[in-house]
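I set down what I looked up, entry by entry.

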Amino acid sequence: MNEITRQLRERAKQLLQEGTVDCVIGYAQGSVPMQEQPFFAYTPEEADKLVWTGFCTNNLANFLIKRSGKNAVVAQGCVSRNIVGLIKENQVQRENVYILGVHSPGMIDAHKVQNHFPGKTIVQVEEDGKDIVVQGMDFEERLPRKKFKRDNCFTCTHRNAVLYDEFIGEEGPQTGGGKIDNVAAPWEKLDSDQRWEAFEQTFKDCIRCYACRNVCPLCYCDVCFVDENNPQWVGKSLHEPDVYTFHILRAFHCAGRCTDCGACESACPVGIKMRRLTSKIEKDIRQLYGYQPGLDLETPAPLSLYQPNDPDVAE
C-alpha cells in the first residue's frame, strides 16, 4: 500500500465516523488490471477499499452532480478544476462537497501498456517507483513509468488540486514537462481540406458508444442532444455524418469548460485520441480570452457572457 492510499483511508474513516460527510467518493481496485473504478464509501469499514494509483483515471467530479447529502471526493488538479466549474454552473453546492486534494504524479495510459504487449493477456500491473511491473500468464517485464503516461498528463499544468478542504500527502510539481501548445500545433500546419481528412481519420473507428460523453463531468444535460427525438437534432446511426456531427457539437459544447482531464480518452474502447479535436479549441480559448477553466470560483467562462471588447466582435 502506498503512503497516499494509507492517508486517504485513514482520513476517510475519520470523516465518516465524525459524520462530517455521508459518503467518500474515491477509487477502488478494479476487477481487471489497470482499470481502477470509482468507489463510494458510506462506512468507515468501506473506506479500507479506497486506493490511489496511477490508474485512477475516471473524473470523480462527474459523480457529484445532483447527489444529495454531503460528499467528500478525492480530487487531483483536473478533477478539482471540474468541481470548480460545476460549482460555477450551479450543479454542485460548495457547502455540500468536501474536497480531499491530492497531487497527480501523472496517470498511466492502459491503452499504451496493452499495446506494448499485442495479443497477450495482462493479469497484473504494479507501480514500483519510476517503473511499472507488468505480469502476464507467461511473462513479466519492468517498464519505465514515464513512457506510459497519458498524453494529457505530459502537458498538464495544474497537477495539484486547485480547490480543496484539506490536502492528502504533499503538493508536487505542477507540470508534466510537456508543452500543451504542441498538441494543437499539427492542426495549425494543415489547410482546411487536410484538417478535415485528419478529423475523419481520428474518428473513423468510433462506435458511438457514448463512453466519452458518459464519463465527462461537463455532459450533465437531462437529455443530451443526441438522444433528443423531438426535434431530432442529429441522426442516431453509425453513418459518418452522424458520428462526426456528434463529436463536433460535443467538442464545441465543452469549449472554455474542458480541463483536459483525459477521462474521455481513457474510457474510449477503441482508443480514439479525443484531444486531437479539443486541443485546438483549448488553445484558442486560452489565447483569445486569457482563460483556463476551473482555476477559480469568480472568473466567468468567456463563452458564458458578452463583452464589447470580445476578440470576435466585429469592428
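Entry one, the second largest pocket. I began with its lining by class and found 12 nonpolar, no polar and four charged residues. I note that the model is predicted. I read a volume of about 390 Å³ for this second largest pocket. Sixteen residues would be much to list, and I kept those nearest the centre: Arg195, Phe252, Leu277, Lys280 and Ile281 lie there, out of a lining of 16 residues. I found that H6, H8 and H10 each give two or more residues to this lining. H10 contributes the most, with eight residues.

Entry two, the largest pocket. I recorded a volume of about 840 Å³. Its lining holds 32 residues, and Asn2, Trp52, Thr53, Gly54 and Glu127 are the closest to its centre. H1 and strand E6 (122-128) are the elements that supply two or more residues. E6 has the largest share, six residues. I counted the classes as 14 nonpolar, nine polar and nine charged.

I located threonine 5 in helix H1 (residues 3-18).

My search of the whole structure returned five cavities of 30 Å³ or more. Of its 21 lining residues, I noted Cys216, Arg250, Cys258, Cys264 and Thr278 as the closest to the centre. Helix H8 (240-253), helix H9 (263-267) and helix H10 (275-289) each give two or more residues to that lining. By class, the lining of the largest cavity has 12 nonpolar, six polar and three charged residues.

The second largest cavity holds about 100 Å³. I found 14 residues in its lining, with Cys254, Gly256, Cys258, Ile281 and Glu282 nearest the centre. H10 provides the largest share here, five residues.

Entry five, helix H8. I checked its length: the 14 residues of H8 should span 20 Å at 1.5 Å a residue, and its end C-alpha atoms are 20 Å apart, so the two values agree. I listed its buried residues as Asp242, Val243, Tyr244, Phe246, His247, Arg250 and Ala251. These buried residues pack against helix H6 (192-203), helix H7 (211-214), H9 and H10.

Terms used:
Residues are numbered from 1 along each chain as its sequence is written. This is a predicted model: local features need pLDDT of at least 70, side-chain atom pairs count only at pLDDT 80 or more; totals for chains, interfaces and linings use all residues. Side-chain values use heavy atoms; hydrogens and water are left out. On a 1 Å grid over the protein atoms alone, a cavity is a set of points where a 1.4 Å probe fits but cannot get out, and a pocket is an open set with protein on both sides within 12 Å along at least five of seven lines; lining residues have an atom within 4 Å of a point. Grid points are joined across faces, edges and corners, and a volume is the space filled by probe spheres set on the points. Helices (H or I, at least four residues) and strands (E, at least two) are DSSP runs, numbered from the N terminus. Ala, Val, Leu, Ile, Met, Phe, Trp, Tyr, Cys and Pro count as nonpolar, Asp, Glu, Lys and Arg as charged, and the others, Gly among them, as polar. The expected span of a helix is 1.5 Å times one less than its number of residues. Buried means under 20% relative accessible area, exposed over 50%, partly exposed in between (1.4 Å probe, protein chains only). Contact means heavy atoms within 4.5 Å.
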